[in-house]
Amino acid sequence: MMTPRNPATARSVLLNQLVALLAICQLTPVYAEPIKFQEQIAPILVSRCLQCHQGSDLQGGLNLTDLSSLMQGGDSGAAIVAGSATKSLLWERVRSDEMPPDNPLTNHEKAAIEQWIEEGAVWEGSPIDLFSITTDQRAGRDWWSLQPLQKVEPPSFDSGWTRNSIDQFIYQNLLAKQIEPSTEADRRTLIRRLTYDLIGLPPTPREVEIFTQDTSDNAYEKLVDRLLNSPHYGERWGRHWLDVVHFGESNGFEYNQPRNNAWPYRNWVINSLNDDMPYDEFVRQQIAGDILAPDSGGTIAVACLVTGPHNTTKPSNDTMRKTMRQDEMEDMVGMVNQAFLGMTTNCARCHDHKFDPISSSDYYSMVSALAGVEFGERDIPLDPNTVQKAKQLKAQINELTLTLNTLEQEARDAVVRQQVEEANPNSGPQPIAAWNFQADLSDQIGELDVTLFGTAKRDTQGLVLDGMTAFARTERLTQPLSEKTLEAWVRVEDLNQQGGGVISVQSSDGVVFDAIVFAEREPKRWMAGSNGFSRYESFAASNETDPKNLIHIAITYAADGKISGYRNGFPYGNSYTKNLVTFAAESSEVVLGLRHGVEAGGNRMFRGTIAQARLYDRVLSAEEVAASAQSNGIHVVTEAELVAQLTPRKRDKRVQLIQQIKQTHEMLKGIENNSVWTALSIPAATVNVLVRGNVLREGDVVSPRGLSAIQIIESDFGLKPDAAEQDRRLQLARWITDPNNPLFSRVIVNRIWHYHFGIGMVSTPNDFGFNGGKPTHPLLLDWLASELQENQWSLKHLHRLIVTSATYRQASKMNSKAAAIDSENRYLWRKTPTRLEGEALRDSLLAIAGKLDPRIGGKGYRDMKEYKYKGSHFYDPIPQNQPEQFRRTIYRFSPRGAKRTMLDTFDCPDPSTLTPQRAETTTPLQSLALMNNEFVLEMAQATAKDLETHQTSPKDQVRELIRRAYSREAEQQEIERAVPFIQKHGLSAYCRVVFNSNELLYVR
């Protein structure tokens, strides 16, 4: 007997059957017209299928890029049977949602596929590929940024607000959004904004006064031109560029060695921007300058290619070495494409780009174009102008040194006379550094204090060295050293040792050195040690026979190359002549107990005791050596004794002379340096595509070429896979800077806009691809790109156009109605306030304090101590209280991974990564730094001292401080609040309050 069916259950069954029927109906062909392959099928294959079914790594062995491959099928057999969907494996997988596995096709897409197969699977046109069209998941070659620049005319209407064509575009978009632009900012706001934007410094009170009182119609334009012509313009915009190319002055990775000669590239960037070098030439030289302009800075310019990290740890494993090289090439290729073209190519190292039309073949073709680039240093010739300038600086140094020596000699003589009266000793000549190890490890003369390493120790006998791990090292030389004398009082405890160094002047890497060495080539004899024995000849002197007593040993190195030895004040054998080397300041040092090097080991270690040692920056005469030997090295005129003999006026004069000599030496070193960290050209290997980025899975050989996604210019360089290295880079440089390359001009225009307004028209300056932002003003972007080209690629023309617009000159006042429509101000209804970067903040504090050193170029300063531990280099902060450190922050030596205190706090990026746009955080640490940081305290005290020198009353001091910091006049209420505070806490404390204010930190 049948059970009666529940009415509700019956309705549920009927409903389920109806749903199933509707689903079946949806899968049947629904198009009244025949399917058009290119319009209906190709987009489905591109967007939903080719991610897995094209290229060298086919899923299931199935290739869906052309009909023959489709008919052939994959691992499971033929994919389709034309005219029969039910017999086609492709349709079976699609209908069952097995393919694509994670995101099945819609019923509409399934219906199109089914009808296309039923109609015979007609395939129109050439093979399709993943990059042919843009979909909702990725960009194709039709992506907006890859298209030619549009020929655009500015909108033509008279709003009464606009000043130039930029404003026409901006105003049109504001009207469309029903937003009114802001009124123009006042003059004090404008000069502060403009000065920071163009040169990165606050305007002086005098400059503000001149501008605000200038009633001429072109007062603002004159200000713009003055700032663009300032040499500080290159410093400001050079800093931006160094961020883009991640310029750093150490190698990074485990050992992180310093790049002491990387700074010429920084100066090249600054000078090129100041000269308004056409932007296309600016880029060409950074890719192939050593080919295009080797005699006019091009060899320095190509350092751009090797600004990134460089791993000097070379493993013995060949696979690991190849992988490390590919890591460096990825960084180089990524930097070139992001900096110049705004395209992220890195992920194509392992597979076709997931979002942009860049294949692995494209990536490795770019690798091929740069495959002959290596990291290292080159020597560059000095041009005649530099030679003449160096000659003038040397003469200036000699004159300053003579004046200093004359001033000091009277004081030294007074000290010596006093010593003679007290002890009647024989006083010897004056060294530049002297160590009495019987007393301590300090330099009695200057700053070359000694640090002990290994088992080295000091006792009442002196510096005790065991010949195995014990040695000592000084601080870096503070002045260059060529002509010199090395001197030591030493006890040799083992006459049979072979090659230990007593005292050596060496480069910081220990490669180049001059030393007093015992018994290296001749048993029991003294010699002048040098790198590769390049300055060695036998003195042909007698053997050492005294292991018990202190022996005086000296070796002199004359300007003409003559080398002479002395023992106990008497000539030691015969003199001879060799080449003379110069040891650079800041990258040279003195080591004791070690012939040369940075670590202990081998026969380089001396066994004995060094009681005292001295270093001279000149050749001592035989008489002077004898006098020094007879003095027993005891009586040296110390710094304290010397200063004590000078009057206050002479002390100030001496400090000034020492500073002038040091600065002039730095300038000389900066222009005379002929060794630069830059790209080396090596034979370029033939490059294969590496399947999945694996160096053990080589695919097809590729030729050097550009990105095929940019179809309006030919990406093929016409070079063979084994083409010469220089040909590869030269063609790459020309391809990137081709005026028809749409990315090249768009990207730099957007960068300039980004730095002026805080955000670009494209919000991602390094990514003009699918994952980047789309332009808020595409027509304006293209118009400016064309304008740049039509004006000889002049970046200064672009700046002038932007900053003279009404858009830029708007006030920053908030408009709640506009903000409700455009909260991020992407359409520029006001000028968004921007916070000072860490460098601009530091430079501002120096300028406000009257301490800023405005010198342009040359070698930079250091605000850190470099030391080495177990082979690795470390960089620790030191106080910034010396005049040579008061330069603009762009000249700061900037190793990777170094602590930078206040700069880190204010989001200055580490140079290990590309930084197209900086983070802008707000943290309590920033306020703490501006109240308690040692540099801030120093600048607050300097500012207070300067104000007190020029203004007598607290009210006037407050007025002047407000003018310097805020570029405006102080309000009466500010003065009334400040004066009691100053009276209670001091002017320096009030300076710190101003330094910590938003009005100083933000530019409106």
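Hi everyone. Please keep in mind that what we are looking at is a predicted model.

Let's begin with a sheet. In general, strands of a sheet pair through backbone hydrogen bonds, either parallel or antiparallel. Here we have an open sheet of six strands, in the order S3-S6-S15-S8-S9-S10, and the pairing is antiparallel. Which strands stand at the edges? They are S3, residues 450–453, and S10, residues 526–530; each has a single partner strand, so one side of each is left without a neighbour in the sheet. From one strand to the next, the twist averages 20°. If you zoom in on S10, its antiparallel pairing with S9, residues 513–518, runs over five bridges. Look for Ile-516, whose bridge partner in S10 is Ala-528.

Now the cysteines. A disulfide is a covalent bond between the sulfur atoms of two cysteines. Cys-52 is partly exposed, at 37% relative accessible area, whereas Cys-304 is buried, at 0%.

Last, the rings. The whole structure has 32 aromatic pairs. One of them is Tyr-867 with Phe-874, a stacked pair with 5.5 Å between centres and 20° between planes. Tyr-867 is partly exposed at 34%, and Phe-874 is partly exposed at 33%. Elsewhere, ring pairs link residues into a cluster, including Trp-241, Phe-340 and Trp-793.

Arg-187 lies over the face of Phe-211, 4.8 Å from the ring centre, and the charged end of Arg-193 sits over the ring of Tyr-808, 5.7 Å from its centre.

Technical notes: Residues numbered from 1 in each chain as written. Predicted model: local features only at pLDDT ≥ 70, side-chain atom pairs only at ≥ 80, totals over all residues. Heavy atoms only, no water. Pairing = 2+ DSSP bridges. Helix = DSSP H or I, 4+ residues; strand = E, 2+ residues; numbered from the N terminus. Axes fitted to C-alpha atoms, helices over the stretch in contact; angles between N-to-C directions. Buried < 20%, exposed > 50% of the residue type's maximum accessible area, 1.4 Å probe, protein only. Phe/Tyr/Trp six-rings, centres within 6.5 Å; stacked < 30°, edge-to-face > 60°. Lys NZ or Arg CZ within 6 Å of the ring centre and 35° of its normal.
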